Amino acid sequence: MFKNIIKGKKCSLIRFIGSDEKLVELMHNIFNDEELVEFLNPEYLNYRTKPQIRKWLKSKYSNPVEIWYVIKHKNDYVGYICYKWRKHYDDACEISTAIDKRFRGLDLGYESSKLLLDHLSSSKKFKYIVGYVHKKNKIAENNLKKLGMKKNNKLQKVVTREFYDSDGSKSVYNLYSINTLK
């Protein structure tokens with residue numbers, strides 16, 4: 001279920017597994033990218049210095065409910081993608097991705113999401129795969145639609161309550177989902 005490497009045509013997903021300064025540098029670039037600030041999970045903005053990022057990364061290497069991958073294109077680390085769920089609620093998992101600004105526009109966000117979505121769908125572990133998209137982030141929204149995900153307000157209330165202890169009614173995010181058991 002938890003593959004360490006998922007290979008694609010344009011990129012590969014390589015699981016976060018240990019100390020890696022290239023990964024620290026990548027995450028530092030992403031977490032400090034002013035173009036991404038409003039689109040990132042607000043929790044990540046607590047980790048903007050390299051020492052903070054190293055500590056944060058350690059918590060991700062063997063997290064029981066989060067699997068993180070670096071997106072690798074040729075020899076470059078270009079972004080991250082992850083999926084998360086909750087111990088008490090594993091009907092759904094949330095996917096999240098971000099691409100370093102130097103590599104945007106190469107379809108790597110779409111391809112990495114497709115690789116992970118295909119992997120998770122074939123595992124049949126989760127009924128739903130969901131992604132939160134900031135209402136202003138039309139590029140991410142279009143990528144999720146292209147992947148077959150649909151806006152789902154009803155499921156947003158359930159998943160947001162289970163994941164974030166909120167009903168999501170005042171959220172700046174829309175939830176897109178795909179049912180893997182259909």
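1. **How to read the model.** Residues are numbered from 1 along each chain as its sequence is written, and side-chain values use heavy atoms, with hydrogens and water left out. Since the model is predicted, local features need pLDDT of at least 70 and side-chain atom pairs count only at pLDDT 80 or more, while totals for chains, interfaces and linings use all residues.

2. **The sheet as a whole.** Let's begin with the strands. Eight of them form an open sheet with mixed pairing, in the order S1-S2-S3-S4-S5-S6-S8-S7. Strands (E, at least two residues) and helices (H or I, at least four) are DSSP runs, numbered from the N terminus, and two strands pair if DSSP finds at least two bridges between them. What stands at the edges? Strand S1 (5-7) and strand S7 (150-151) do. Each has a single partner strand, so one side of each is left without a neighbour in the sheet.

3. **Strand S3 and its partners.** Strand S2 (residues 12-15) runs antiparallel to strand S3 (residues 66-73), and four bridges join them. Leu 13 has Ile 71 as its bridge partner in S3, and Ser 12 has Lys 72. S3 also pairs with S4 in the antiparallel sense, over eight bridges; one to look for is Trp 68 with its partner Cys 82 in S4. The S3 and S4 hairpin has two residues between the strands, and Lys 74 takes a positive phi near 55 degrees there. S3 is mostly covered, with seven of its eight residues buried; buried means under 20% relative accessible area, exposed means over 50%, and partly exposed is in between (1.4 Å probe, protein chains only).

4. For Trp 56 and Trp 68 the centres are 5.0 Å apart and the planes are at 85 degrees, so the pair is edge-to-face. Rings of Phe, Tyr and Trp (its six-membered ring) pair if their centres lie within 6.5 Å; planes under 30 degrees apart count as stacked, over 60 as edge-to-face and the rest as tilted. The structure holds 15 aromatic pairs, and one aromatic cluster has among its members Phe 16, Tyr 44, Trp 56 and Trp 68.

5. **Salt bridges.** Side chains of opposite charge can pair when their charged atoms come close. A salt bridge is a side-chain nitrogen of Lys or Arg within 4 Å of a carboxyl oxygen of Asp or Glu, and the whole structure has twelve salt bridges. In one of them, Glu 66 and Lys 60 meet at 2.9 Å, N to O, and both residues are buried. In another, Asp 100 and Arg 102 meet at 3.1 Å, N to O. Are these two buried or exposed? Asp 100 is buried, with a relative accessible area of 4%, whereas Arg 102 counts as exposed at 55%.

6. **A salt bridge within a helix.** Lys 138 forms a salt bridge with Glu 141, with the closest N and O atoms 3.6 Å apart. Because they are three residues apart in helix H4 (residues 138-146), Lys 138 and Glu 141 are separated by about one helical turn. Lys 138 is partly exposed at 44% relative accessibility, while Glu 141 is buried at 8%.

7. Ser 112 is found in helix H3 (residues 108-123) and counts as buried, at 0% relative accessibility. Its contacts (heavy atoms within 4.5 Å) include Leu 13 and Ile 71, not counting residues up to four places away in sequence.

8. **Asn 179, at the end of this tour.** Asn 179 is in strand S8 (residues 173-179) and is partly exposed, at 22% relative accessibility. Asn 179 and Ile 129 are 50 residues apart in sequence, yet 6.7 Å apart in space, C-alpha to C-alpha. Leaving aside neighbours within four places in sequence, Asn 179 is in contact with Lys 127 and Tyr 128.
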